[in-house]
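Hello! Here is the structure I promised to pass on to you. Have a look at it first, and then read my notes below.

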Amino acid sequence: MDYSMEINGVVKSYPGSSFILDNIHMQIPYGKIIGLIGENGAGKTTLIQLILNQISADSGNIKIFGMNHRKMEKDIKSKIGFVMDECCFHTCLSAKEVGKILKYIYLQWNNKDFEVYLSRFEIDQEKRITELSKGMKNKLMLATALAHNPDILILDEITSGLDPVVRDDILNILKDFIATQKKSVFFSTHITSDLDKAADIIAFIHKGKLVFMEEKEKIKNTFRIYSCSNEKTDNIKNSEICAKYYENGQWHFLLKNSKSEIIGKEPTLDEIMLLFIKGGR
Amino acid sequence: MRGLLIKDGYLILKNLSMIYLAAFLMAILPGFRNPSMLLPLLSMLVAVVLGSQVAVTLSWDEKAKWKTMLVSFPLSVFQEVAGKYVLSLILSIISFIAVCLLGGLARRANIIMDQNIILFAGLSFCVCLLYNMIMIPATYLFGSGKSRMVLIIFVGVLPTVAALLLRTLRIDITRISFDRRFLAVMLFSGMIILLTISFFISYMKQKVR
(Lines give C-alpha, C1' and ligand atoms only; values in the text may rest on other atoms or scores of the structure.)
Protein backbone atom coordinates (compact mmCIF):
# COMPACT_ATOMS: atom_id res chain seq x y z
CA MET A 1 0.00 0.00 0.00
CA ASP A 2 1.64 3.22 -1.19
CA TYR A 3 -1.05 5.66 -0.23
CA SER A 4 -2.42 6.47 3.18
CA MET A 5 -5.60 7.82 1.61
CA GLU A 6 -7.33 7.49 -1.75
CA ILE A 7 -10.28 9.64 -2.74
CA ASN A 8 -12.05 8.35 -5.84
CA GLY A 9 -14.64 10.40 -7.70
CA VAL A 10 -16.22 11.91 -4.62
CA VAL A 11 -19.22 14.15 -5.25
CA LYS A 12 -21.10 16.08 -2.59
CA SER A 13 -23.91 18.56 -3.02
CA TYR A 14 -26.29 20.20 -0.58
CA PRO A 15 -30.00 20.61 -1.22
CA GLY A 16 -30.90 24.22 -1.92
CA SER A 17 -27.28 25.22 -2.54
CA SER A 18 -25.48 25.68 -5.84
CA PHE A 19 -22.23 24.43 -4.28
CA ILE A 20 -21.04 21.03 -5.44
CA LEU A 21 -17.82 19.24 -4.59
CA ASP A 22 -17.28 17.75 -7.97
CA ASN A 23 -15.63 14.44 -8.78
CA ILE A 24 -12.61 14.74 -6.51
CA HIS A 25 -9.76 12.30 -7.10
CA MET A 26 -6.78 12.40 -4.76
CA GLN A 27 -4.06 10.06 -3.63
CA ILE A 28 -2.18 10.89 -0.46
CA PRO A 29 1.22 9.22 -0.29
CA TYR A 30 3.02 8.32 2.93
CA GLY A 31 5.87 10.50 4.11
CA LYS A 32 4.47 13.71 2.64
CA ILE A 33 2.77 16.86 3.83
CA ILE A 34 -0.13 17.67 1.53
CA GLY A 35 -1.30 21.25 1.57
CA LEU A 36 -4.90 21.85 0.59
CA ILE A 37 -5.55 25.39 -0.58
CA GLY A 38 -8.57 27.18 -1.92
CA GLU A 39 -10.69 30.26 -1.37
CA ASN A 40 -13.38 30.46 1.32
CA GLY A 41 -16.21 28.13 0.37
CA ALA A 42 -14.10 26.24 -2.17
CA GLY A 43 -14.88 22.92 -0.46
CA LYS A 44 -11.83 22.29 1.74
CA THR A 45 -13.76 21.73 4.96
CA THR A 46 -16.43 19.73 3.12
CA LEU A 47 -13.69 17.43 1.83
CA ILE A 48 -12.30 16.99 5.35
CA GLN A 49 -15.79 16.30 6.69
CA LEU A 50 -16.21 13.64 4.02
CA ILE A 51 -12.88 12.05 4.92
CA LEU A 52 -13.89 11.94 8.59
CA ASN A 53 -17.31 10.54 7.63
CA GLN A 54 -19.03 13.48 9.30
CA ILE A 55 -21.15 13.86 6.18
CA SER A 56 -22.04 11.37 3.44
CA ALA A 57 -20.92 11.70 -0.17
CA ASP A 58 -23.47 11.55 -2.97
CA SER A 59 -21.15 9.26 -4.91
CA GLY A 60 -17.56 8.07 -5.01
CA ASN A 61 -15.56 6.38 -2.30
CA ILE A 62 -12.74 7.09 0.12
CA LYS A 63 -10.19 4.53 1.20
CA ILE A 64 -7.98 5.24 4.17
CA PHE A 65 -5.12 2.82 4.91
CA GLY A 66 -6.67 0.63 2.19
CA MET A 67 -9.98 0.36 4.10
CA ASN A 68 -13.40 1.72 3.21
CA HIS A 69 -13.83 4.78 5.40
CA ARG A 70 -17.48 4.09 6.15
CA LYS A 71 -17.31 0.37 6.85
CA MET A 72 -14.13 0.49 8.93
CA GLU A 73 -14.78 3.87 10.51
CA LYS A 74 -13.68 2.98 14.04
CA ASP A 75 -10.43 1.28 12.98
CA ILE A 76 -9.58 4.17 10.68
CA LYS A 77 -10.38 6.90 13.18
CA SER A 78 -8.15 5.29 15.78
CA LYS A 79 -5.26 5.97 13.37
CA ILE A 80 -6.26 9.51 12.44
CA GLY A 81 -5.26 12.63 14.32
CA PHE A 82 -7.65 15.47 13.62
CA VAL A 83 -6.99 19.08 14.56
CA MET A 84 -9.19 22.00 13.66
CA ASP A 85 -9.05 25.73 13.99
CA GLU A 86 -11.26 25.73 17.07
CA CYS A 87 -10.62 24.03 20.40
CA CYS A 88 -13.73 21.95 21.07
CA PHE A 89 -12.74 20.64 24.48
CA HIS A 90 -14.84 21.99 27.34
CA THR A 91 -13.29 25.18 28.65
CA CYS A 92 -13.62 24.12 32.29
CA LEU A 93 -11.30 21.14 31.75
CA SER A 94 -7.53 21.21 32.11
CA ALA A 95 -5.02 19.64 29.71
CA LYS A 96 -4.36 16.91 32.28
CA GLU A 97 -8.07 16.04 32.45
CA VAL A 98 -8.32 16.01 28.66
CA GLY A 99 -5.51 13.44 28.69
CA LYS A 100 -7.37 11.31 31.24
CA ILE A 101 -10.50 11.39 29.07
CA LEU A 102 -8.73 10.55 25.81
CA LYS A 103 -6.81 7.71 27.46
CA TYR A 104 -10.07 5.75 27.46
CA ILE A 105 -11.10 6.82 23.97
CA TYR A 106 -7.93 5.92 22.05
CA LEU A 107 -6.54 2.44 22.66
CA GLN A 108 -3.06 3.54 21.56
CA TRP A 109 -3.08 6.63 23.78
CA ASN A 110 0.34 7.29 25.27
CA ASN A 111 0.13 9.54 28.30
CA LYS A 112 3.91 9.89 28.50
CA ASP A 113 4.02 11.20 24.92
CA PHE A 114 1.15 13.53 25.73
CA GLU A 115 3.04 14.95 28.70
CA VAL A 116 6.18 15.32 26.57
CA TYR A 117 4.22 17.26 23.94
CA LEU A 118 2.61 19.44 26.60
CA SER A 119 5.96 20.35 28.09
CA ARG A 120 7.46 20.88 24.60
CA PHE A 121 4.58 23.24 23.80
CA GLU A 122 4.93 24.85 27.24
CA ILE A 123 1.32 24.14 28.15
CA ASP A 124 0.53 24.17 31.86
CA GLN A 125 -1.23 20.85 32.53
CA GLU A 126 -3.23 22.20 35.44
CA LYS A 127 -4.49 25.35 33.71
CA ARG A 128 -8.09 25.32 32.53
CA ILE A 129 -8.56 25.56 28.75
CA THR A 130 -10.39 28.85 29.14
CA GLU A 131 -7.18 30.35 30.51
CA LEU A 132 -5.11 29.28 27.48
CA SER A 133 -4.39 31.57 24.51
CA LYS A 134 -5.60 30.63 21.00
CA GLY A 135 -2.11 29.45 20.06
CA MET A 136 -1.87 27.32 23.20
CA LYS A 137 -5.31 25.84 22.54
CA ASN A 138 -4.24 24.87 19.02
CA LYS A 139 -1.07 23.34 20.38
CA LEU A 140 -3.11 21.40 22.93
CA MET A 141 -5.29 20.08 20.11
CA LEU A 142 -2.15 19.08 18.23
CA ALA A 143 -0.74 17.36 21.33
CA THR A 144 -3.95 15.33 21.73
CA ALA A 145 -3.85 14.40 18.04
CA LEU A 146 -0.21 13.29 18.24
CA ALA A 147 -0.37 11.43 21.57
CA HIS A 148 -2.28 8.48 20.14
CA ASN A 149 0.40 7.96 17.50
CA PRO A 150 -1.75 8.43 14.38
CA ASP A 151 -0.68 7.42 10.87
CA ILE A 152 -2.24 10.46 9.27
CA LEU A 153 -2.78 13.93 10.64
CA ILE A 154 -5.68 15.93 9.23
CA LEU A 155 -5.45 19.62 10.01
CA ASP A 156 -8.15 22.14 9.19
CA GLU A 157 -6.91 25.74 9.19
CA ILE A 158 -4.99 25.34 12.43
CA THR A 159 -2.47 28.09 11.73
CA SER A 160 -5.00 30.81 10.97
CA GLY A 161 -5.08 33.58 13.54
CA LEU A 162 -1.74 32.54 15.05
CA ASP A 163 1.39 34.62 15.27
CA PRO A 164 4.36 33.66 13.03
CA VAL A 165 6.34 32.12 15.90
CA VAL A 166 3.57 29.71 16.92
CA ARG A 167 2.90 28.91 13.24
CA ASP A 168 6.56 28.12 12.72
CA ASP A 169 6.55 25.85 15.82
CA ILE A 170 3.56 23.96 14.48
CA LEU A 171 5.11 23.56 11.02
CA ASN A 172 8.29 22.17 12.59
CA ILE A 173 6.23 19.66 14.56
CA LEU A 174 4.58 18.52 11.33
CA LYS A 175 7.95 18.10 9.63
CA ASP A 176 9.21 16.03 12.59
CA PHE A 177 6.04 13.95 12.46
CA ILE A 178 6.54 12.76 8.88
CA ALA A 179 10.33 12.56 9.09
CA THR A 180 10.56 9.65 11.51
CA GLN A 181 7.91 7.15 10.44
CA LYS A 182 5.52 6.17 7.65
CA LYS A 183 3.04 8.98 8.18
CA SER A 184 1.17 11.65 6.20
CA VAL A 185 -0.17 15.10 6.92
CA PHE A 186 -3.22 16.54 5.15
CA PHE A 187 -3.19 20.24 5.86
CA SER A 188 -5.88 22.69 4.79
CA THR A 189 -4.97 26.36 5.05
CA HIS A 190 -5.45 29.86 3.69
CA ILE A 191 -1.92 30.85 4.58
CA THR A 192 0.04 29.72 1.56
CA SER A 193 3.36 30.90 3.03
CA ASP A 194 2.99 28.05 5.55
CA LEU A 195 2.78 25.62 2.67
CA ASP A 196 5.86 27.18 1.05
CA LYS A 197 7.69 26.28 4.26
CA ALA A 198 6.33 22.84 4.97
CA ALA A 199 4.27 21.20 2.21
CA ASP A 200 5.58 18.64 -0.30
CA ILE A 201 2.45 18.44 -2.42
CA ILE A 202 -0.12 21.15 -3.08
CA ALA A 203 -3.76 20.43 -3.88
CA PHE A 204 -5.78 23.40 -5.06
CA ILE A 205 -9.56 23.32 -4.86
CA HIS A 206 -11.54 26.02 -6.62
CA LYS A 207 -15.34 26.20 -6.61
CA GLY A 208 -15.60 22.55 -5.56
CA LYS A 209 -13.25 21.28 -8.27
CA LEU A 210 -9.73 19.98 -7.81
CA VAL A 211 -7.71 22.25 -10.11
CA PHE A 212 -4.39 20.52 -9.56
CA MET A 213 -2.49 18.32 -7.15
CA GLU A 214 1.23 18.50 -7.79
CA GLU A 215 4.61 18.41 -6.09
CA LYS A 216 5.41 21.90 -4.87
CA GLU A 217 8.63 22.09 -6.88
CA LYS A 218 6.86 20.90 -10.02
CA ILE A 219 4.25 23.64 -9.64
CA LYS A 220 6.99 26.25 -9.60
CA ASN A 221 8.44 24.81 -12.81
CA THR A 222 5.08 24.28 -14.49
CA PHE A 223 3.44 27.66 -14.00
CA ARG A 224 4.62 31.10 -15.07
CA ILE A 225 2.98 34.39 -14.38
CA TYR A 226 3.00 37.07 -17.05
CA SER A 227 1.58 40.60 -17.04
CA CYS A 228 1.36 42.81 -20.11
CA SER A 229 -0.62 45.56 -21.77
CA ASN A 230 -3.48 44.86 -24.16
CA GLU A 231 -1.26 45.14 -27.28
CA LYS A 232 1.22 42.47 -26.24
CA THR A 233 -1.28 39.69 -25.61
CA ASP A 234 -0.80 38.33 -29.17
CA ASN A 235 2.50 36.77 -28.05
CA ILE A 236 0.67 34.29 -25.84
CA LYS A 237 -0.69 30.99 -27.11
CA ASN A 238 -4.27 30.35 -25.99
CA SER A 239 -3.49 26.71 -25.19
CA GLU A 240 -0.97 27.80 -22.55
CA ILE A 241 -3.35 30.07 -20.63
CA CYS A 242 -4.67 28.60 -17.40
CA ALA A 243 -6.25 31.75 -16.08
CA LYS A 244 -6.25 35.45 -16.85
CA TYR A 245 -7.75 38.67 -15.62
CA TYR A 246 -7.62 42.34 -16.56
CA GLU A 247 -6.91 44.97 -13.91
CA ASN A 248 -5.52 48.51 -13.90
CA GLY A 249 -4.88 48.54 -17.67
CA GLN A 250 -2.92 45.28 -17.62
CA TRP A 251 -3.62 41.67 -18.41
CA HIS A 252 -2.36 39.11 -15.92
CA PHE A 253 -1.84 35.57 -17.21
CA LEU A 254 -1.15 32.27 -15.52
CA LEU A 255 0.60 30.12 -18.10
CA LYS A 256 1.10 26.38 -17.92
CA ASN A 257 4.06 24.57 -19.57
CA SER A 258 4.70 27.69 -21.56
CA LYS A 259 7.01 27.29 -24.53
CA SER A 260 6.45 30.84 -25.74
CA GLU A 261 9.40 33.13 -25.87
CA ILE A 262 7.90 35.44 -23.28
CA ILE A 263 9.63 35.53 -19.93
CA GLY A 264 7.22 35.24 -17.06
CA LYS A 265 8.07 35.02 -13.43
CA GLU A 266 7.78 32.07 -11.11
CA PRO A 267 4.45 32.45 -9.30
CA THR A 268 3.90 32.08 -5.58
CA LEU A 269 1.03 29.87 -4.38
CA ASP A 270 -0.84 33.04 -3.47
CA GLU A 271 -0.53 34.35 -7.03
CA ILE A 272 -1.69 31.06 -8.51
CA MET A 273 -4.75 31.09 -6.24
CA LEU A 274 -5.44 34.72 -7.03
CA LEU A 275 -5.24 34.22 -10.78
CA PHE A 276 -7.53 31.21 -10.73
CA ILE A 277 -10.05 32.95 -8.51
CA LYS A 278 -10.01 36.34 -10.23
CA GLY A 279 -9.71 34.77 -13.66
CA GLY A 280 -12.72 32.61 -12.97
CA ARG A 281 -15.04 35.54 -12.27
CA MET B 1 -17.64 5.04 26.34
CA ARG B 2 -15.65 5.13 29.59
CA GLY B 3 -13.85 8.24 28.36
CA LEU B 4 -17.17 9.98 27.72
CA LEU B 5 -18.41 9.06 31.20
CA ILE B 6 -15.22 10.43 32.75
CA LYS B 7 -15.66 13.63 30.74
CA ASP B 8 -19.26 14.00 31.96
CA GLY B 9 -18.14 13.25 35.50
CA TYR B 10 -15.62 16.09 35.35
CA LEU B 11 -18.25 18.45 33.94
CA ILE B 12 -20.75 17.61 36.69
CA LEU B 13 -18.21 17.95 39.48
CA LYS B 14 -16.82 21.20 38.13
CA ASN B 15 -20.24 22.75 37.75
CA LEU B 16 -21.70 21.71 41.09
CA SER B 17 -22.03 24.88 43.06
CA MET B 18 -23.23 26.02 46.44
CA ILE B 19 -26.38 27.30 44.69
CA TYR B 20 -27.51 23.69 44.33
CA LEU B 21 -27.00 23.07 48.04
CA ALA B 22 -28.74 26.33 49.01
CA ALA B 23 -31.71 25.59 46.70
CA PHE B 24 -31.85 22.06 48.07
CA LEU B 25 -31.96 23.28 51.69
CA MET B 26 -34.50 25.99 50.92
CA ALA B 27 -36.80 23.44 49.30
CA ILE B 28 -36.36 20.84 52.03
CA LEU B 29 -37.02 23.19 54.98
CA PRO B 30 -40.86 23.00 54.75
CA GLY B 31 -40.46 19.23 55.11
CA PHE B 32 -39.12 19.69 58.65
CA ARG B 33 -42.29 21.57 59.66
CA ASN B 34 -44.43 18.78 58.27
CA PRO B 35 -42.39 15.57 58.70
CA SER B 36 -44.87 13.51 56.69
CA MET B 37 -43.86 15.55 53.65
CA LEU B 38 -40.11 15.29 54.24
CA LEU B 39 -39.55 12.00 52.45
CA PRO B 40 -41.67 12.82 49.35
CA LEU B 41 -39.96 16.22 49.11
CA LEU B 42 -36.51 14.73 49.61
CA SER B 43 -37.00 12.02 47.00
CA MET B 44 -38.27 14.48 44.38
CA LEU B 45 -35.52 17.02 45.03
CA VAL B 46 -32.72 14.48 44.88
CA ALA B 47 -34.19 13.04 41.67
CA VAL B 48 -34.50 16.42 39.97
CA VAL B 49 -31.10 17.75 41.10
CA LEU B 50 -29.27 14.59 40.00
CA GLY B 51 -31.44 13.98 36.96
CA SER B 52 -30.85 17.45 35.58
CA GLN B 53 -27.08 16.86 35.52
CA VAL B 54 -27.29 14.92 32.23
CA ALA B 55 -29.01 17.92 30.63
CA VAL B 56 -26.24 20.11 32.08
CA THR B 57 -23.57 17.96 30.38
CA LEU B 58 -25.52 18.03 27.11
CA SER B 59 -25.74 21.80 27.31
CA TRP B 60 -21.97 22.05 27.95
CA ASP B 61 -21.32 19.70 25.02
CA GLU B 62 -23.39 21.96 22.80
CA LYS B 63 -21.60 25.09 23.98
CA ALA B 64 -18.15 23.57 23.40
CA LYS B 65 -19.16 22.14 19.97
CA TRP B 66 -18.07 18.79 21.38
CA LYS B 67 -19.90 16.98 18.58
CA THR B 68 -17.26 18.20 16.10
CA MET B 69 -14.60 16.56 18.27
CA LEU B 70 -16.67 13.49 18.95
CA VAL B 71 -17.08 12.53 15.30
CA SER B 72 -13.32 12.36 14.90
CA PHE B 73 -12.98 9.84 17.76
CA PRO B 74 -13.02 6.08 17.19
CA LEU B 75 -16.43 5.78 18.83
CA SER B 76 -19.68 4.58 17.33
CA VAL B 77 -22.91 6.57 17.50
CA PHE B 78 -24.26 3.79 19.74
CA GLN B 79 -21.44 4.35 22.25
CA GLU B 80 -21.94 8.12 22.10
CA VAL B 81 -25.67 7.89 22.85
CA ALA B 82 -25.35 4.98 25.30
CA GLY B 83 -22.84 7.06 27.28
CA LYS B 84 -25.57 9.56 28.19
CA TYR B 85 -28.05 6.83 29.15
CA VAL B 86 -25.47 5.02 31.29
CA LEU B 87 -24.71 8.32 33.01
CA SER B 88 -28.42 8.78 33.60
CA LEU B 89 -28.64 5.27 35.10
CA ILE B 90 -25.64 5.95 37.37
CA LEU B 91 -27.22 9.18 38.58
CA SER B 92 -30.52 7.38 39.19
CA ILE B 93 -28.72 4.77 41.30
CA ILE B 94 -26.98 7.55 43.23
CA SER B 95 -30.35 9.22 43.83
CA PHE B 96 -31.72 5.91 45.15
CA ILE B 97 -28.78 5.55 47.53
CA ALA B 98 -28.95 9.22 48.57
CA VAL B 99 -32.64 8.99 49.49
CA CYS B 100 -32.00 5.77 51.41
CA LEU B 101 -29.15 7.38 53.34
CA LEU B 102 -30.85 10.72 54.03
CA GLY B 103 -34.16 9.02 54.86
CA GLY B 104 -32.34 6.58 57.15
CA LEU B 105 -30.60 9.45 58.92
CA ALA B 106 -33.89 11.33 59.33
CA ARG B 107 -35.51 8.24 60.85
CA ARG B 108 -32.58 7.66 63.16
CA ALA B 109 -32.86 11.29 64.32
CA ASN B 110 -36.58 10.65 64.93
CA ILE B 111 -37.53 13.40 62.45
CA ILE B 112 -39.69 10.96 60.50
CA MET B 113 -41.44 7.72 61.38
CA ASP B 114 -41.92 6.70 57.78
CA GLN B 115 -41.35 3.05 56.95
CA ASN B 116 -41.45 3.61 53.19
CA ILE B 117 -37.90 4.84 52.66
CA ILE B 118 -37.15 2.18 50.01
CA LEU B 119 -40.41 3.03 48.22
CA PHE B 120 -39.50 6.70 48.03
CA ALA B 121 -35.93 5.87 47.04
CA GLY B 122 -37.36 3.78 44.20
CA LEU B 123 -39.60 6.67 43.23
CA SER B 124 -36.57 8.97 43.18
CA PHE B 125 -34.74 6.46 40.96
CA CYS B 126 -37.68 6.32 38.52
CA VAL B 127 -38.17 10.11 38.38
CA CYS B 128 -34.45 10.65 37.77
CA LEU B 129 -34.44 8.09 34.96
CA LEU B 130 -37.74 9.33 33.50
CA TYR B 131 -36.47 12.93 33.49
CA ASN B 132 -33.57 11.90 31.29
CA MET B 133 -35.65 9.67 29.07
CA ILE B 134 -37.38 12.90 28.06
CA MET B 135 -34.46 15.29 28.18
CA ILE B 136 -31.86 13.29 26.23
CA PRO B 137 -33.87 12.80 23.01
CA ALA B 138 -35.40 16.27 23.38
CA THR B 139 -31.93 17.86 23.55
CA TYR B 140 -30.69 15.85 20.57
CA LEU B 141 -33.78 16.82 18.60
CA PHE B 142 -34.27 20.47 19.54
CA GLY B 143 -31.06 21.63 21.25
CA SER B 144 -30.56 22.27 24.96
CA GLY B 145 -32.52 25.55 24.98
CA LYS B 146 -35.73 24.29 23.42
CA SER B 147 -35.59 20.92 25.18
CA ARG B 148 -36.77 22.63 28.39
CA MET B 149 -40.03 23.43 26.63
CA VAL B 150 -40.49 19.72 25.93
CA LEU B 151 -39.91 19.02 29.62
CA ILE B 152 -42.51 21.61 30.59
CA ILE B 153 -45.00 19.88 28.30
CA PHE B 154 -44.30 16.52 29.93
CA VAL B 155 -44.20 17.75 33.53
CA GLY B 156 -46.85 20.45 33.37
CA VAL B 157 -49.24 19.95 30.52
CA LEU B 158 -49.61 16.15 30.39
CA PRO B 159 -50.49 15.65 34.10
CA THR B 160 -52.94 18.56 33.89
CA VAL B 161 -54.62 17.09 30.83
CA ALA B 162 -54.72 13.69 32.53
CA ALA B 163 -56.32 15.20 35.66
CA LEU B 164 -58.89 17.09 33.58
CA LEU B 165 -59.68 13.94 31.63
CA LEU B 166 -60.21 11.93 34.81
CA ARG B 167 -62.48 14.70 36.16
CA THR B 168 -64.49 14.86 32.95
CA LEU B 169 -64.92 11.10 32.93
CA ARG B 170 -65.73 11.24 36.68
CA ILE B 171 -63.07 8.73 37.58
CA ASP B 172 -61.93 9.01 41.21
CA ILE B 173 -58.44 7.55 41.23
CA THR B 174 -58.31 7.45 45.05
CA ARG B 175 -61.16 4.94 45.10
CA ILE B 176 -59.39 2.54 42.78
CA SER B 177 -57.36 -0.02 44.69
CA PHE B 178 -54.16 -1.14 43.03
CA ASP B 179 -52.27 -4.28 43.77
CA ARG B 180 -48.76 -3.11 44.74
CA ARG B 181 -47.05 -5.98 42.90
CA PHE B 182 -49.10 -5.27 39.79
CA LEU B 183 -48.18 -1.59 40.04
CA ALA B 184 -44.48 -2.39 40.40
CA VAL B 185 -44.56 -4.68 37.35
CA MET B 186 -46.43 -2.06 35.34
CA LEU B 187 -44.00 0.65 36.40
CA PHE B 188 -40.97 -1.47 35.56
CA SER B 189 -42.37 -2.54 32.16
CA GLY B 190 -43.37 1.03 31.37
CA MET B 191 -39.86 2.26 32.19
CA ILE B 192 -38.25 -0.37 29.95
CA ILE B 193 -40.57 0.51 27.04
CA LEU B 194 -40.00 4.24 27.51
CA LEU B 195 -36.25 3.75 27.80
CA THR B 196 -36.19 1.76 24.56
CA ILE B 197 -38.23 4.40 22.70
CA SER B 198 -36.12 7.24 24.13
CA PHE B 199 -32.85 5.53 23.20
CA PHE B 200 -34.12 4.71 19.71
CA ILE B 201 -35.10 8.35 19.05
CA SER B 202 -31.74 9.63 20.33
CA TYR B 203 -29.77 7.04 18.35
CA MET B 204 -31.62 7.70 15.09
CA LYS B 205 -31.19 11.45 15.49
CA GLN B 206 -27.45 11.17 16.09
CA LYS B 207 -26.98 8.61 13.33
CA VAL B 208 -28.30 10.87 10.58
CA ARG B 209 -25.48 12.61 8.73
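Predicted model: local features only at pLDDT ≥ 70, side-chain atom pairs only at ≥ 80, totals over all residues.

**What I found**

Chain B contains 7 helices and 0 strands.

Of the 209 residues in chain B, 40% are buried. The accessible surface of this chain comes to about 12300 Å², and carbon and sulfur atoms account for 74% of that surface. Now look at contacts in chain B between residues at least 6 apart in sequence: 78% of them join residues at least 24 apart. As for charge, chain B carries 20 positive and 7 negative side chains, and the centres of these two sets lie 3 Å apart.

You will see it in the loop between helix H3 (35–64) and helix H4 (66–70) of chain B. Is B:Lys65 buried, partly exposed or exposed? The relative accessibility of B:Lys65 is 41%, so this residue counts as partly exposed; that class runs between the 20% limit for buried and the 50% limit for exposed.

Next comes chain A. How many helices and strands does chain A have? There are 9 helices and 13 strands in chain A. The radius of gyration of chain A is 21 Å, close to the 19 Å that the globule rule gives for 281 residues, so chain A is as compact as a globular protein of that length. Along the principal axes, its C-alpha trace spans about 70 × 40 × 40 Å.

In chain A, buried residues make up 53% of the 281 residues. The accessible surface of chain A is about 12700 Å², with 46% of it belonging to carbon and sulfur atoms. Among the contacts in chain A between residues at least 6 apart in sequence, 66% join residues at least 24 apart. Chain A has 38 positive and 37 negative side chains, and 3 Å separates the centres of the two sets.

- A:Asn23 sits in strand S2 (residues 20–29) of chain A. It has a positive phi of about 50° although it is not a glycine. With 44% relative accessibility, A:Asn23 counts as partly exposed.
- A:Glu122 is in the loop between helix H4 (111–120) and helix H5 (134–146) of chain A. At 66% relative accessibility, A:Glu122 counts as exposed. The C-alpha atoms of A:Glu122 and A:Leu50 are separated by 33 Å, and these residues are 72 apart along the chain.

Finally, here is how the two chains meet. In this model, 27 residues of chain A are in contact with 24 residues of chain B. Together, chain A and chain B bury about 2500 Å² between them, and 67% of this is on carbon and sulfur atoms. Which three residues supply more than any other three of the area that chain A buries against chain B? They are A:His90, A:Tyr104 and A:Ile105, which supply 26% of that area.

Happy exploring!

Methods:
Residues numbered from 1 in each chain as written. Chains lettered and ligands numbered in written order. Heavy atoms only, no water. Helix = DSSP H or I, 4+ residues; strand = E, 2+ residues; numbered from the N terminus. Rg over C-alpha atoms; globule rule 2.2 N^0.38 Å. Buried < 20%, exposed > 50% of the residue type's maximum accessible area, 1.4 Å probe, protein only. Contact = heavy atoms within 4.5 Å. Areas by Shrake-Rupley, 256 points an atom, 1.4 Å probe, with all protein chains shown as cover. Lys, Arg positive; Asp, Glu negative; His and termini not counted. Charge placed at Lys NZ, Arg CZ, Asp CG, Glu CD. Buried area = accessible area lost by both parts, 1.4 Å probe.
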